[in-house]
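The sequence and the model are shown first, and the text then goes from single residues to the whole.

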Amino acid sequence: MSERKPKNIFTAGAISAYFIAESIQKHSTQTAIGGHSIFLGQVRADETEHGIVSAIEYTAFEDMAMEKMHEIREDIFSKYPLTCMHVHHSLGTVTSGEICLFVFTSSAHRKGAIEACNETVERLKAELPVWGKEIIAGDVHQWKVNK
């Protein structure tokens, strides 16, 4: 098997439902896959002390983030019997209600896909150098804390 190279995981703005559906549909020809697991992260309209969050502006150290994602990806592939993994994270402004993170794992069986997807999401939140600035009405903003 050839060594996997770091991939660009970033998408400008929100991740569209069309893109997500198209990504899923592309796997219909891979008949060895028996299970997919999908996580969609959506921007919440959280209530803060300054008002309601209307959007999040995501920034990242892109090269560093892609290298870290490559490390996470290699580790996940070594732990779980995956057929494939796709990760897409927004950069720039994403309004509340829109999708900002799309993680899609596939395996011959559901357990590997589900466990790999869950661990990938948790590691992205903890390890990826991506930051979100919450945008609140009236030109107020604050840095988002991952929970």
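Does Cys 84 count as buried or exposed? At 10% relative accessibility, Cys 84 counts as buried, where buried means under 20% relative accessible area, exposed over 50%, and partly exposed in between, with a 1.4 Å probe and protein chains only.

## Basis of the model

This is a predicted model, in which local features need pLDDT of at least 70 and side-chain atom pairs count only at pLDDT 80 or more, while totals for chains, interfaces and linings use all residues. Residues are numbered from 1 along each chain as its sequence is written, and side-chain values use heavy atoms, with hydrogens and water left out.

## Overall make-up

The protein has three helices and eight strands; helices (H or I, at least four residues) and strands (E, at least two) are DSSP runs, numbered from the N terminus. Along the sequence they follow the pattern β-α-β-β-β-α-β-β-α-β-β.

Of the 147 residues, 41% count as buried. The protein exposes about 8,500 Å², and carbon and sulfur atoms supply 53% of that area; accessible areas come from the Shrake-Rupley method with a 1.4 Å probe, and for residues only the protein chains shown count as cover. Among contacts (heavy atoms within 4.5 Å) with a separation of 6 or more, 76% join residues 24 or more positions apart. The structure holds zero disulfides, a disulfide being a pair of cysteine sulfur atoms within 2.5 Å.

## Strand pairing

Two strands pair if DSSP finds at least two bridges between them. Strand 6 (99-107) pairs with strand 2 in the antiparallel sense over eight bridges, and Gly 35 has Ser 107 as its bridge partner in strand 6. Strand 5 also pairs with strand 6 in the antiparallel sense, over seven bridges; here His 89 is partnered by Leu 101. Strand 5 and strand 6 form a hairpin with three residues between them, and Gly 97 in the turn has a positive phi of about 95°. Strand 6 is mostly covered, with nine of its nine residues buried.

Strand 4 (residues 51-60) runs antiparallel to strand 7 and is joined to it by seven bridges. One of these pairs Ala 60 with Val 130 in strand 7. Five of the seven residues of strand 7 (residues 130-136) are buried, so strand 7 is largely enclosed by the rest of the structure.

## The helices

Helix 2 has 18 residues and reaches 25 Å from its first C-alpha to its last, close to the 26 Å expected at 1.5 Å a residue; the expected span is 1.5 Å times one less than the number of residues. Its buried residues include Met 66, Met 69, His 70, Arg 73 and Phe 77. The buried residues of helix 2 pack against strand 1 (10-12), strand 5 and helix 3.

Helix 3 (residues 110-127) also has 18 residues and should span 26 Å; its end C-alpha atoms are 25 Å apart, which agrees. Among its buried residues are Ala 113, Ala 116, Cys 117, Thr 120 and Leu 124. An α-helix has 3.6 residues a turn, so residues three or four places apart point the same way. Cover for the buried residues of helix 3 includes strand 2, helix 2, strand 5 and strand 6.

Cys 117 is buried, with a relative accessible area of 2%. Ser 37, in strand 2, is buried at 10%. Leaving aside neighbours within four places in sequence, the contacts of Ser 37 are Val 103, Phe 104, Thr 105, Ala 113, Ile 114 and Cys 117.

## Nonpolar cores

A nonpolar core is a set of buried Ala, Val, Leu, Ile, Met, Phe, Trp, Tyr and Cys residues joined through side-chain atoms within 4.5 Å. The largest has 28 residues, and those with the most contacts inside it are Tyr 58, Met 69, Val 87 and Leu 124. Strand 4, helix 2, strand 5, strand 6, helix 3 and strand 7 each give two or more residues to this core, and helix 2 gives the most, with six. Apart from this core lies another, of five residues, among them Ile 15, Ile 20, Ile 99 and Phe 104.

Ala 17, in helix 1 (residues 17-25), is exposed, with a relative accessible area of 60%. Ala 17 and Ile 99 are 82 residues apart in sequence and 8.2 Å apart in space, C-alpha to C-alpha.
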